[in-house]
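Let's take a walk through this chain together. Have the sequence and the 3D view ready, and follow along one piece at a time.

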Amino acid sequence: MTRRSARLRTALRGVGQRLRARVRGGLGGDSGSALVEFLGVALILLVPVVYLVLVLGRIQAATFAAEGAAREAARVYVAAPDADTGAGRAVTAVGVALRDQGFTDAPADALALTCSASACLAAGEQVTAAVEVRVPLPFVPAFVRDVVPLEVPVRVERTADVDAYRVVGR
């Protein structure tokens with residue numbers, strides 16, 4: 001064995017001993033790793049929770065808008081002097097209720113009026129107003145929405161009774 005190979009073997013033995021000592025004692029301690037782990041876990045958990053809160057907030061706003069719109073549409077329709085005036089007032093009431101909650105849906109498309117008889121405003125009949133609002137999921141690009149419908153429909157129906165003592169032609 002030459003002198004050179006003996007030095008190399010001694011150097012390798014020293015490196016091996018230092019590596020074993022570092023593996024046994026840790027690779028440089030844990031300083032700062034808790035902060036990195038906390039930030040990683042916080043981001044992984046926080047982003048979906050914030051998105052869920054945003055979506056649920058918009059769905060709740062749609063529920064408030066549809067509820068108020070359906071209730072008021074049915075009430076103004078049965079109080080109108082005739083069916084055409086009632087339909088116009090109902091569409092206006094739906095538009096106000098939707099705009100109050102920040103929805104830009106067309107009120108005439110969102111509203112569906114049905115009657116329990118052929119004459120909607122006959123005394124003692126019922127009028128049902130159904131309002132449907134579609135809530136798009138936030139932060140989804142338009143090109144994705146074109147392929148996959150990413151919206152939540154919220155539909156509310158309210159029924160109002162036409163006054164039993166209503167005088168026709170008032």
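Start at Arg155, which counts as partly exposed because its relative accessibility is 48%; buried means under 20% relative accessible area, exposed over 50%, and partly exposed in between, with a 1.4 Å probe and protein chains only. Before going further, a word on what you're looking at: this is a predicted model, where local features need pLDDT of at least 70, side-chain atom pairs count only at pLDDT 80 or more, and totals for chains, interfaces and linings use all residues. Residues are numbered from 1 along each chain as its sequence is written, and side-chain values use heavy atoms, with hydrogens and water left out.

Back to Arg155. It forms a salt bridge with Glu132, with the closest N and O atoms 3.8 Å apart; a salt bridge here is a side-chain nitrogen of Lys or Arg within 4 Å of a carboxyl oxygen of Asp or Glu. This pair ties together distant parts of the chain, with Arg155 in strand β3 and Glu132 in strand β2, 23 residues apart. Glu132 also stands opposite Arg155 in the strand pairing, and Glu132 is partly exposed at 25% relative accessibility.

Glu151 is partly exposed at 34%, and Arg134 is partly exposed at 38%. Elsewhere, salt bridges with shared partners join Glu67, Arg71, Glu72, Arg75 and Arg158 into one network. Within it, Arg75 and Glu72 meet at 3.1 Å, N to O; they are three residues apart in helix α2, which means about one helical turn separates them. The salt bridge count comes to eight.

Now zoom out. How many helices and strands does the chain have? There are five helices and three strands, taken as DSSP runs numbered from the N terminus (helices are H or I, at least four residues; strands are E, at least two). From the N terminus on, they run α-α-α-α-β-β-α-β.

The three strands form an open antiparallel sheet in the order β1-β2-β3. β1 (111-115) and β3 (151-161) stand at the edges with a single partner strand each, so one side of each has no neighbour in the sheet. Neighbouring strands are turned by 20° against each other on average, direction ignored. β2 (residues 126-136) pairs with β3 over 11 bridges; strands pair if DSSP finds at least two bridges between them.

Next come the helices lying across this sheet. Helix α2 lies across β1, β2 and β3, at about 25° to β3, while helix α3 (residues 83-100) lies across β1 and β2, at about 140° to β1. For these angles, axes are lines fitted to C-alpha atoms, for helices over the stretch in contact, and angles run from 0 to 180 degrees between N-to-C directions.

Find Ala61 in helix α2 (residues 33-79). Is Ala61 buried or exposed? It is buried, because its relative accessible area is 11%. Ala61 touches Gln101 and Phe103, leaving aside residues up to four places away in sequence; contact means heavy atoms within 4.5 Å.

Finally, look for the disulfide joining Cys115 to Cys120, S to S 1.6 Å; a disulfide is a pair of cysteine sulfur atoms within 2.5 Å. The torsion about its S-S bond is about 95°, so the disulfide is right-handed. Cys115 is partly exposed at 27%, whereas Cys120 is buried at 18%.
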